[in-house]
Amino acid sequence: CQGGRLPGIPGQDAEGVTTAVEFLHHANTGKEKVTGEVVVVGGGNVAIDAARVSARSGAGKVTMLCLETEDIMPASREEVKEARDDGVIVNCGWGPKEVLIENGKVTAIVFKKCLSVYDENKKFHPVYDENELLTLPADKVIFAIGQKIEWGDLLSGSTVELGRGNGPVADGLTYQT
C-alpha cells in the first residue's frame, strides 16, 4: 500500500500538505527538510513515525491529532510514550475540517471535536461537534489516515476486478482472481 490517503477536506491540495507515506519516503531519502510547525493527522503507528521523524529532523513544534481517545487509538502505548519523549504533543479526539491556505501554501489546519469514532455496531462512523473547533498554525500538514494500493500498469490488460479499498476481488475459497 504505497499510496497515502487524504481526508477529502477543503485545502488538502495546498503546498505543504502531504501524506505520511510520501513524507516518510522523502525524509528517509534525504529529499525532505523539516522546519517550522508540523501537524500530523492520524492515530496509528505511521502517524507516530511521521511525527517522530519531523521532531528529530528539525521541526520547531510537532503536534499530532487523532479522532480516537488515547485508550483506543491504534498506535502502541510504547510508541506514543516515545513520541512524547521526542517532544511531540499528542492531542486526541479531533478530526480535520479544513486546511487554511494563503498564496497556495498551508498556514493552518482547523479541527472539529470528535464525540465518537464508532457506531453501536462498532463500525467506523465518526460523530463530530461542528461548533467546537481548534485551529493550529502549520507550515506542514501530514495526513496519516490510511494507505491505498497504487497499481500503476501492473494490471493492464488483465481481467482482475477491483473491489473495496481498490483491492482485487478474489474467490473466498481459492483466493483466485
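Modeller: Let us begin with Asn45, whose side chain reaches the backbone nitrogen of Ser76 at a distance of 3.0 Å. This is a predicted model, in which local features need pLDDT of at least 70 and side-chain atom pairs count only at pLDDT 80 or more, while totals for chains, interfaces and linings use all residues. Residues are numbered from 1 along each chain as its sequence is written, and side-chain values use heavy atoms, with hydrogens and water left out.

Asn45 lies in helix α2, which covers residues 45-56 (helices are DSSP runs of H or I with at least four residues, strands are runs of E with at least two, and both are numbered from the N terminus). With a relative accessibility of 33%, Asn45 counts as partly exposed, because buried means under 20% relative accessible area, exposed means over 50%, and partly exposed is what lies in between (1.4 Å probe, protein chains only). If neighbours within four places in sequence are set aside, Asn45 is in contact with Ala75, Ser76 and Glu79, where contact means heavy atoms within 4.5 Å. Asn45 and Ala75 are 30 residues apart along the chain, yet their C-alpha atoms are separated by 4.6 Å.

From there we can turn to Lys140, which belongs to strand β9, residues 140-143. Lys140 counts as buried because its relative accessibility is 13%. Its side chain makes a polar contact of 2.9 Å with the side chain of Glu32 (a pair of N or O atoms within 3.5 Å, of which, within protein, one must be able to donate a hydrogen and the other to accept it, and residues adjacent in sequence count only if both atoms are side-chain atoms). Beyond its neighbours within four places in sequence, Lys140 is also in contact with several other residues, among them Gly16, Thr18, Phe23 and Val106.

In general, strands of a sheet pair through backbone hydrogen bonds, either parallel or antiparallel.

Another buried residue is Thr19, with a relative accessible area of 9%, and its place is in strand β2, residues 17-19. Leaving aside neighbours within four places in sequence, Thr19 is in contact with Gly4, Arg5 and Leu6, and also with Ile142 and Phe143.

Strand β7 covers residues 105-118 and runs antiparallel to β6, to which it is joined by 8 bridges.

In strand β8 we find Asn131, which counts as exposed at 75% relative accessibility. The C-alpha atoms of Asn131 and Lys113 are separated by 8.1 Å, although the two residues are 18 apart along the chain.

The loop between β7 and β8 holds Lys122, which is exposed with a relative accessible area of 73%. Most residues other than glycine have a negative phi. For Lys122, however, phi is near 65°, a positive value in a residue other than glycine. Tyr175 also has a positive phi near 65°; this residue lies in the segment after β10 (147-148) and is exposed, with a relative accessible area of 63%.

Definitions and conventions. Two strands pair if DSSP finds at least two bridges between them.
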